[in-house]
Amino acid sequence: MIDVAAFHIDKRRVRHAFNRAAASYDRVAILQREVGKLLLERLDYIRLQPHTIADIGAGTGHHSRALAQRYKKTRVIAMDLAPNMLRAARRHAAPLARLLHRQSFLCGDVEQLPFAARAMDMIFSNLTLQWCPNLDKIFAEFRRALQPGGLV
């Protein structure tokens with residue numbers, strides 16, 4: 001078993017770094033966009049029609065918007081540790097989607113998801129897990145938050 005304490009990540013520092021980077025993040029997030037694009041393409045093979053999706057580590061909301069476009073009747077919750085990232089995501093979201101509560105924004109930590117049990121049909125996460133040394137805890141949270149038959 002791996003000693004997760006040996007891989008301590010200071011979440012305050014992570015939050016601070018992403019808060020500072022929020023204004024220029026989209027200009028430099030080439031890898032994040034490319035990996036996210038590949039993840040979104042894989043959804044073509046999935047028959048699930050989710051009612052609620054959590055985009056964990058949503059950043060500026062690029063993929064949250066893509067999920068909302070793909071699943072027109074679905075509620076997409078963009079969640080990130082950094083409030084400034086969520087502010088940017090909110091600014092970029094379609095006004096009608098916000099008005100109809102199809103897109104919402106929530107500051108939270110992937111290790112303690114602020115969702116009720118079985119509240120999500122899908123959890124989407126693009127290059128977030130590297131900031132979390134305790135993957136067992138993360139996947140236990142995913143399992144708790146997902147509906148039976150849900151997708152990560």
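Buried means under 20% relative accessible area, exposed means over 50%, and partly exposed lies in between (1.4 Å probe, protein chains only). The structure is a predicted model, in which local features need pLDDT of at least 70 and side-chain atom pairs count only at pLDDT 80 or more, while totals for chains, interfaces and linings use all residues. Residues are numbered from 1 along each chain as its sequence is written, and side-chain values use heavy atoms, with hydrogens and water left out.

**Figure 1. An aromatic pair joins F18 and W131.** W131 counts as partly exposed, at 34% relative accessibility. F18 is also partly exposed, with a relative accessible area of 21%. Rings of Phe, Tyr and Trp (its six-membered ring) pair if their centres lie within 6.5 Å; planes under 30 degrees apart count as stacked, over 60 as edge-to-face and the rest as tilted. Three aromatic pairs turn up in a search of the whole structure. In the pair shown, the ring centres of F18 and W131 are 5.5 Å apart and the planes stand at 90°, so the pair is edge-to-face. F18 lies in helix 1 (residues 11–21) and W131 in the loop between strand 4 and helix 7, so the pair ties together parts that are 113 residues apart in sequence. Helices (H or I, at least four residues) and strands (E, at least two) are DSSP runs, numbered from the N terminus. One aromatic cluster is formed by F18, Y25 and W131.

**Figure 2. T60 sits in the loop between strand 1 and helix 4.** T60 has a relative accessible area of 2% and is buried. Contact means heavy atoms within 4.5 Å. Beyond its neighbours within four places in sequence, T60 has contacts that include A22, Y25, R65, M85 and H92. The side chains of T60 and D26 make a polar contact (2.5 Å). Such a contact is a pair of N or O atoms within 3.5 Å; within protein, one must be able to donate a hydrogen and the other to accept it, and residues adjacent in sequence count only if both atoms are side-chain atoms.

**Figure 3. Helix 4 (residues 62–70) has buried residues H63, S64, L67 and A68.** These residues cover an arc of only 145° around the axis, which puts them on the same side of helix 4. The arc is that of the directions from the helix axis to the C-beta atoms. Among the elements that cover them are helix 3 (30–42), strand 1 (52–56) and strand 2 (75–80).

**Figure 4. In helix 7 (residues 135–145), I138, E141, F142 and A145 are buried.** Seen down the axis of helix 7, they fall within an arc of 100°, so they line one face of the helix. D136 and R143, on the other side of helix 7, are exposed. Strand 1, strand 4 and strand 5 (146–151) pack against the buried residues of helix 7.

**Figure 5. The largest nonpolar core holds 14 residues.** A nonpolar core is a set of buried Ala, Val, Leu, Ile, Met, Phe, Trp, Tyr and Cys residues joined through side-chain atoms within 4.5 Å. I56, V110, L113, F115, M120, I123 and F142 touch the most other members. Helix 7 gives the most to this core, with three residues. Not counting residues up to four places away in sequence, F142 touches I56, V110, L113, I123, L129 and V152. Another core, of nine residues, lies apart from it and includes L43, Y71, V76 and M122.
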